[in-house]
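Hello,

Here is the structure for your files. My notes follow below.

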Amino acid sequence: GAVTGALLRWQVALQLHDQYLLANILGSALLGLLVGLPGNHRRQLFLGIGFCGSFTTFSGWMLAATKKISMGDWTAAMGLIGGTLGLGLGAGLFGYLLGKNLSNKSLFG
């Protein structure tokens, strides 16, 4: 899962000019969904730790914010940090609630 996540992250960064916000939000939603679904150890490892772990990168996000700060663009840096935190938490919660809702409907039981 890590190879696939890393390759997709590379393409998102390449196509969107190193914008980390979208990948981090999508990864948060997927990870929330995985946690909300009934436990499947292999799925959790492959998609959760492998794919999501390499698709969403804290170090890349911080590097992007640091570059913006070093160029004096504090507004963009704080927007990236605040936006990623706020939207990431919201996406994670949405995915988690969706997973719980799906699991309650016995689709994955």
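Helices α4 and α5 are roughly antiparallel to each other (angles over 145 degrees count as such). Their axes cross at roughly 160 degrees and come within 7 Å. Axes here are lines fitted to C-alpha atoms, for helices over the stretch in contact, with angles from 0 to 180 degrees between N-to-C directions. On the α4 side, the contact is made by W61, M62, A64, A65, K68 and I69. On the α5 side, W74, A76, A77, M78, L80, I81, T84 and L85 make it. Contact means heavy atoms within 4.5 Å. By class, that contact has 12 nonpolar, 1 polar and 1 charged residues.

This is a predicted model: local features need pLDDT of at least 70, side-chain atom pairs count only at pLDDT 80 or more, and totals for chains, interfaces and linings use all residues. Residues are numbered from 1 along each chain as its sequence is written, and side-chain values use heavy atoms, without hydrogens and water.

Now α5 itself. Helix α5 covers residues 74-104, and its end C-alpha atoms are 44 Å apart. That agrees with the 45 Å that its 31 residues should span at 1.5 Å a residue. Its buried residues (under 20% relative accessible area, 1.4 Å probe, protein chains only) include G83, G88, G92, G95 and G99. Among what covers the buried residues of α5 are α2 (21-36) and α4 (58-70).

The whole chain: 5 helices and 0 strands (DSSP runs, H or I of at least four residues for helices, E of at least two for strands). Of its 109 residues, 30% count as buried. The C-alpha atoms fill a box of roughly 50 × 25 × 20 Å along the principal axes.

Best regards

Note on methods
The expected span of a helix is 1.5 Å times one less than its number of residues. Buried means under 20% relative accessible area, exposed over 50%, partly exposed in between (1.4 Å probe, protein chains only). Angles under 35 degrees count as roughly parallel, over 145 as roughly antiparallel, 65 to 115 as roughly perpendicular and the rest as oblique. Ala, Val, Leu, Ile, Met, Phe, Trp, Tyr, Cys and Pro count as nonpolar, Asp, Glu, Lys and Arg as charged, and the others, Gly among them, as polar.
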